[in-house]
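Open the model in your viewer and keep the selection tool at hand.

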Amino acid sequence: MTQGLTARIRENIVLYGALAANLGIGVAKFVAAGITGSSSMLTEGVHSCVDSGNQILLLYGQHRAKRQPDAIHPFGYGRELYFWAFVVAILIFAVGAGVSVYEGYLHILEPEPLRDPLVNYIVLAIAFAMEGASWFIAMREFAKAKGDSGWWRAIRQSKDPAGFIVLFEDSAALAGLVIAGIGVWASHAFADPRIDGVASILIGLILGLVAILLAREAKGLLIGERANPHVVETVRSIVAAHPAVSAVNHVRTIHTAPDAIFVAVSADFVDTVTMGDGETIIEEMEDQLREAVPTLSSIYIRPEKSENAATLTRMQTEAAHDAT
């Protein structure tokens, strides 16, 4: 049982690392906000609590996504993780950004008297170190996963939201800590506590931007995104290479989980292939495809004349055009 727990922690090291950092930091920020009356520190405390809740939701989503297929969900529950990723984006926007902007607005209207900022600086320094460690873990793990792709392209093509959500959250957290530190310093340097409220609003705006970006990525995954073009081309080349196939009409894929792909192939078989031979050939191609791309969880190969497939594709294109 201990080995199983260790394996789960190692598998989700990014989420567990971020959760541990945010829980500890959140408590320290609230204590500092209570002692000093800093609006930006209170905002940062709320930010850490929201991030902690987000990591718990992503861990829960990963657990739920691993359930086996059943009669109601024959392709499994993998996309439930995408649902919880979308919920995380909404929470960041509604709670994190909303509370930050609102608290900053109230602090500008009714500023707190200035107090000794030493506690704030100590907490911010500790928080920056812990958030930096979490950010480094997330950056290292995402760098392994992205390979040679650029960072933004890798985020857009990633089918596992946990990694890039934590990376975005930690990046926003580090930026928020810098702004909070500047806000606390400027409030005392210029003897104007309203500056601290402005810093809180800026933190809220950063969180809002991050939430919009995450919601956009999570929405695409939730609706359904195709597999990597390399995977599509691999499937096409394997099917096309078989001597019994005269043409590959189309290859359509969709991710049913970060590590599970549904693929449907329309192929034109040579006319001399009988029904019995076709079944054997399709089974052989499916074995080749699974060996080449282990993440193919469901494979459907349909024998179809090229002219019929072209007609169907044209009709679908025309219907889509009429709908717009």
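**Aromatic rings and a surface patch**

Start with F164 and F168, both of which are buried. This is a predicted model, and the stops below are read from it.

F164 and F168 are four residues apart in helix α7, so about one helical turn separates them.

Next, consider the aromatic pairs. A search of the whole structure finds six of them. Select F75 and F262, which form an edge-to-face pair with 5.3 Å from centre to centre and 80° between the planes. Which parts of the chain does this pair link? F75 is in the loop between α3 (39-65) and α4 (80-109), while F262 is in strand β2 (residues 260-269), and the two are 187 residues apart. F75 counts as partly exposed because its relative accessibility is 41%, and the range for that label lies between 20% and 50%.

Now return to F164 and F168. These rings also form an edge-to-face pair, at 6.5 Å centre to centre and with 70° between the planes.

Select Y60, F83 and W84 together: ring pairs link these residues into a cluster. Then pick R67 and Y77. R67 lies over the face of Y77, at 3.7 Å from the ring centre.

Finish on the surface. Select Y121, F128, V178, I182, W185 and F190, which form a nonpolar patch with about 630 Å² of accessible area together. Helices α5 (118-146) and α7 (161-189) each supply at least two of the patch residues. The most comes from α7, with three residues. F190 is found in the loop between α7 and α8 (194-223). With a relative accessible area of 58%, F190 is exposed.

Key. Residues are numbered from 1 along each chain as its sequence is written. This is a predicted model: local features need pLDDT of at least 70, side-chain atom pairs count only at pLDDT 80 or more; totals for chains, interfaces and linings use all residues. Side-chain values use heavy atoms; hydrogens and water are left out. Patches are made of residues with over 30% relative accessible area and no salt bridge: like charges are joined within 9 Å, nonpolar side chains (Val, Leu, Ile, Met, Phe, Trp, Tyr) within 5 Å. Accessible areas come from the Shrake-Rupley method with a 1.4 Å probe; for residues, only the protein chains shown count as cover. A salt bridge is a side-chain nitrogen of Lys or Arg within 4 Å of a carboxyl oxygen of Asp or Glu. Buried means under 20% relative accessible area, exposed over 50%, partly exposed in between (1.4 Å probe, protein chains only). Rings of Phe, Tyr and Trp (its six-membered ring) pair if their centres lie within 6.5 Å; planes under 30 degrees apart count as stacked, over 60 as edge-to-face and the rest as tilted. A charge sits over a ring if NZ of Lys or CZ of Arg is within 6 Å of the ring centre and within 35 degrees of the ring normal.
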